[in-house]
Amino acid sequence: MNALRVGELVEPDEVVIGPMRRRHLPSVLRIEKQVYPRPWTMGLYLGELALPASRLYVVARRGSRVCGYGGFMLTLDECHITTVAVDPQLQGGKLGTRIMLVLASRAVARGATAMTLEVRMSNKPAQELYRKFGFAPAGVRKGYYAEVNEDALVMWAHDVDAPAYGQRLAAIEASLPDRTKIEKV
Ligand SMILES: CC(C)(COP(=O)(O)OP(=O)(O)OC[C@H]1O[C@@H](n2cnc3c(N)ncnc32)[C@H](O)[C@@H]1OP(=O)(O)O)[C@@H](O)C(=O)NCCC(=O)NCCS
């Protein structure tokens with residue numbers, strides 16, 4: 001019989017969000033290839049993980065399975081959400097919301113006053129998710145996704161350091177059916 005590993009002590013349904021590590025990258029890239037027309041490479045992720053002062057990347061896990069991930073780049077007080085993705089088999093189960101909650105709250109804790117991102121014009125599910133987090137359309141980048149010949153919608157959320165935004169995050173968290181375990185990120 002195999003010895004129990006730490007990850008197996010976690011209830012299998014419990015979602016744990018923690019820092020993205022090198023060992024998570026094969027699973028991250030497997031999801032990446034399924035959900036993005038221009039998937040990031042191992043080298044690109046390794047480059048991002050090597051810049052912890054200005055970047056944060058997290059993974060959501062159930063047991064040892066990586067179910068989704070997300071990240072941001074912080075430039076002074078502006079947070080740029082660079083990616084949010086959930087395993088296609090698990091989409092619609094609030095994992096994206098849980099990941100965004102961690103990213104938004106960590107961005108504010110690290111001094112962000114505004115957040116921005118680009119999203120494909122046709123990607124309505126992601127736009128809906130971002131709207132819930134206070135992002136509003138602010139412009140279009142023509143041909144940003146050249147490989148699928150699609151424009152990007154640029155979205156911004158302002159004043160994320162104000163109490164009202166904290167209340168928004170608290171309300172989203174309270175709407176979830178159960179708590180997410182957050183490791184130190
Ligand atoms: C976008 C994505 C991260 C959302 O993650 P998810 O776990 O499926 O989302 P959630 O279950 O947390 O849903 C959050 C909200 O998104 C919206 N949403 C999710 N799926 C939707 C769908 N099929 N249609 C419309 N809205 C949808 C809803 O507003 C939903 O809130 P609600 O459940 O209160 O109605 C996920 O669909 C994904 O990985 N997509 C592919 C990668 C991608 O496009 N990433 C964004 C790049 S900018």
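This is a predicted model: local features need pLDDT of at least 70, side-chain atom pairs count only at pLDDT 80 or more; totals for chains, interfaces and linings use all residues.
## Overall fold

The protein chain contains 5 helices and 8 strands. Read from the N terminus, the order of these elements is β-α-α-β-β-β-α-β-α-β-β-α-β.

Along the principal axes, the C-alpha atoms of the protein chain fill a box of roughly 55 × 40 × 30 Å. A compact globule of 185 residues would have a radius of gyration near 16 Å, and the protein chain agrees with this because its own value is 16 Å. Of the 185 residues, 27% are buried. Among contacts with a separation of 6 or more, 63% join residues 24 or more positions apart.

## The nonpolar core

The largest nonpolar core has 40 residues, and Val58, Tyr69, Ile99 and Leu103 have the most contacts inside it. Two or more residues each come from β1 (15–19), α1 (25–35), β2 (55–62), β3 (65–75), β4 (78–86), α3, β5 (114–120) and β7 (150–158). The element that gives the most to this core is α3, with 8 residues. In soluble globular proteins, nonpolar side chains tend to be buried together.

Leaving aside residues up to four places away in sequence, Val58 touches Ile17, Gly18, Pro19, Met20, Tyr69, Gly70, Gly71, Ile99, Val102, Leu103 and Val185. Three of these, Tyr69, Ile99 and Leu103, are named with Val58 as the residues with the most contacts inside the core.

Helix α3 covers residues 95–109, and its 15 residues should span 21 Å at 1.5 Å a residue; the end C-alpha atoms are 21 Å apart, so the two values agree. Its buried residues are Leu95, Gly96, Arg98, Ile99, Met100, Leu101, Val102, Leu103, Ala104 and Ala107. An α-helix has 3.6 residues a turn, so residues three or four places apart point the same way. After α3 comes Gly111, which has a positive phi near 105 degrees.

Helix α5 covers residues 163–175. Its 13 residues should span 18 Å at 1.5 Å a residue, and the end C-alpha atoms are 19 Å apart, which agrees. This helix is hardly covered, with 1 buried residue among its 13.

## Around the ligand

The shell around the ligand has 19 residues, of which Gln91, Gly96, Thr97, Pro125 and Glu128 come nearest. The elements that give two or more residues to this shell are β4, α3 and α4 (124–132). The largest share, 6 residues, comes from α4. By class, 9 residues of the shell are nonpolar, 6 are polar and 4 are charged. Gly96 is among the residues nearest the ligand and is also one of the buried residues of α3.

Most residues other than glycine have a negative phi, and most peptide bonds are trans. Lys94 is not a glycine, yet its phi is positive, about 75 degrees. This residue is in the loop between β4 and α3. Lys94 counts as partly exposed because it has 19 C-beta neighbours inside 10 Å, where the cut-off for a buried residue is 20 or more.

Asn149 also has a positive phi, near 50 degrees, and is a residue other than glycine. The loop between β6 (136–145) and β7 holds Asn149. With 7 other C-beta atoms within 10 Å, Asn149 is exposed, since the cut-off for that class is 12 or fewer.

Phe133 lies in the loop between α4 and β6. It has 21 other C-beta atoms within 10 Å and is therefore buried. Not counting residues up to four places away in sequence, Phe133 touches Met100, Ala104 and Ala157. Met100 and Ala104 are among the buried residues of α3. The C-alpha atoms of Phe133 and Gly47 are separated by 28 Å, and these residues are 86 residues apart along the chain.

Lys184 is in the segment after β8 (181–182). Because it has 5 C-beta neighbours inside 10 Å, Lys184 counts as exposed. Its C-alpha atom is separated by 28 Å from that of Val119, 65 residues apart along the chain.

Technical notes. Residues are numbered from 1 along each chain as its sequence is written. Helices (H or I, at least four residues) and strands (E, at least two) are DSSP runs, numbered from the N terminus. The expected span of a helix is 1.5 Å times one less than its number of residues. A nonpolar core is a set of buried Ala, Val, Leu, Ile, Met, Phe, Trp, Tyr and Cys residues joined through C-beta atoms within 7 Å. Two residues are in contact if their C-beta atoms, placed from the backbone, lie within 7 Å. The radius of gyration is taken over C-alpha atoms; the globule rule is 2.2 Å times the number of residues to the power 0.38. A residue is near a molecule or strand if its C-beta atom, placed from the backbone, lies within 6 Å of it. Ala, Val, Leu, Ile, Met, Phe, Trp, Tyr, Cys and Pro count as nonpolar, Asp, Glu, Lys and Arg as charged, and the others, Gly among them, as polar.
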